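This briefing covers one chain, topic by topic. Please read it alongside the sequence and the 3D view.

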Amino acid sequence: GFNCGIVGLPNVGKSTLFNALTQTAAAEAANYPFCTIEPNTGRVSVPDSRLDELAVLAKSATIIPTQLEFVDIAGLVRGASQGEGLGNKFLGTIREVDAIAHVLRCFEDTEITHVDGDVDPVRDAATVETELMLADLDSLEKRMAALVKKSRGGDIDAKADLALMEKLFAHLSDGKPVRSTDGLTDAETLRLPYLQLLTSKPVLYVCNVAEGDAATGNDYTKLVAEKAASEGAAHVVVSAAIESEIAQLEDDDKAEFLSELGLSETGLSRLIRAGYGLLDLLTFFTVGPKEARAWTVAAGASAPQAAGVIHTDFQRGFIRAETISFADYIACQGESGAKDAGKLRVEGSDYKVVDGDVFHFRFNV
Ligand code: GDP
């Protein structure tokens, strides 16, 4: 599966948000057999209105959304890269996530201590980012020292890695995160994720606001929005306090509560979709009377790889994929309509999955 780590300074609302996410997931767990919830890891359903539309047309008995994992990463404080707080443990966990949801405190509350005295989300973002950049510099420095020898000894891969790391090191030394490095070759861009640098991961800023600001945002969230835009990053405005209240409501009460607040959907739904959107992923569907289900593959995946997400046997014995695009499925009012209209395509093993594909896989067992 794919996952998103929740980071931020202490007392910004990470745990409140994480608990709301997992509470919602726990409430839904009966429907989702594979939902395991570990102490700091929660799997949540990714809302996708396309799945509901497909299920209506196919009269599916069950709807199973695709899932995204959130990891609550506590312990980041100023000096974490030097081993302060949970230091290394924190950095190790963040190394393993695919993307980062960076929670910023955008609410005033004199009862809740801010580690740096006052509310200033842009400063806080820089504090966290600085720790991550220092950790990356440290890790690059160690690895570059080892590569120099290999590279002198004629190791071509070591030489290429060293050249890439030198570029990244220079960029980080300018106080910029790895994700904003430009001028990399295609080979370097492909290699980059394998270096597992903290600041190479895509980031989503999560502005945690007071209840009254959930629908509108506030002056703090405007500043974060500007910062995010300047970096080409995404941001969402949520109120962790409201989300934890909503998570405890029944569906009917939820809808009413949301409309009272002037919201059309929960902040968690927006957060989950934004987190999913950070990752370079494609959603495909399998639809029938038994169930309508959404699945996830990395961008660029082939039809057999998509089949393999459902079952490894499907990939091993892959013969062909029968495909209807989501748009055709809807326009033709379902599978038989799409077939009649000639919109069902038969694709081979070199077919690249397109977001929204509705698949039937044919395979040998
Ligand atoms: P973490 O350290 O980042 O995990 O922060 P917590 O989730 O533990 O929250 C720290 C404190 O801030 C707790 O007392 C929360 O109840 C409170 N808090 C979290 N979100 C909000 C919010 O949106 N508004 C207000 N007023 N308090 C909040």
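G13 sits in the loop that runs between β1 and α1. The model is predicted, and G13 counts as buried in it because 26 other C-beta atoms lie within 10 Å, where 20 or more are needed. Beyond residues up to four places away in sequence, G13 touches V103, R105, N208 and A240.

**The annotated binding site**

- UniProt, in an unreviewed entry, lists N11, V12, G13, K14, S15 and T16 under "binding site".
- N11 is found in the loop between β1 (3-7) and α1 (14-28).
- Is N11 buried, partly exposed or exposed? N11 counts as partly exposed, because it has 13 C-beta neighbours inside 10 Å, and the partly exposed class falls between 12 or fewer (exposed) and 20 or more (buried).
- The contacts of N11, leaving out residues up to four places away in sequence, are I112, T113, H114 and V115.

- I73 belongs to the loop between β4 (67-72) and α3 (87-95).
- With 24 other C-beta atoms within 10 Å, I73 is buried.
- In sequence, I73 and S15 are 58 residues apart, while their C-alpha atoms are 9.0 Å apart in space. S15 is among the residues that UniProt lists for the binding site.
- Apart from neighbours within four places in sequence, I73 is in contact with G5, I6 and V7, and also with F90, T93 and I94.

- An unreviewed UniProt entry places the feature "domain: TGS" at residues 280-363.
- S60 lies in the loop between α2 (49-58) and β3 (62-64).
- Why does S60 count as buried? S60 has 20 C-beta neighbours inside 10 Å, and a residue is buried if that number is 20 or more.
- S60 and G288 are 228 residues apart along the chain, yet their C-alpha atoms are separated by 5.8 Å.
- Not counting residues up to four places away in sequence, S60 touches A55, V287, G288, P289, K290, E291 and A292.

**Packing of α4 against α7**

- Two packed helices are described by the angle between their axes and by the distance between those axes.
- Helix α4 (residues 121-152) packs with helix α7 (residues 219-231) at an angle of about 45°, and their axes are 9 Å apart.
- The two helices, α4 and α7, are therefore oblique to each other.
- On the α4 side the contact is made by P121, V122 and A125, and on the α7 side by Y220, L223, V224 and K227.
- By class, the contact of α4 with α7 holds six nonpolar residues, no polar residues and one charged residue.

**The chain as a whole**

- The chain contains 14 helices and twelve strands.
- The radius of gyration of the chain is 23 Å, close to the 21 Å that the globule rule gives for 365 residues, so the chain is as compact as a globular protein of that length.
- The C-alpha trace spans about 65 × 60 × 35 Å along its principal axes.
- Of the 365 residues, 37% count as buried.
- Among contacts between residues at least 6 apart in sequence, 68% join residues at least 24 apart.

Conventions. Residues numbered from 1 in each chain as written. Predicted model: local features only at pLDDT ≥ 70, side-chain atom pairs only at ≥ 80, totals over all residues. UniProt positions renumbered as here; feature names shortened; annotations may be inferred. Helix = DSSP H or I, 4+ residues; strand = E, 2+ residues; numbered from the N terminus. Rg over C-alpha atoms; globule rule 2.2 N^0.38 Å. Contact = placed C-beta atoms within 7 Å. Axes fitted to C-alpha atoms, helices over the stretch in contact; angles between N-to-C directions. Parallel < 35°, antiparallel > 145°, perpendicular 65-115°, else oblique. Nonpolar A, V, L, I, M, F, W, Y, C, P; charged D, E, K, R; others polar.
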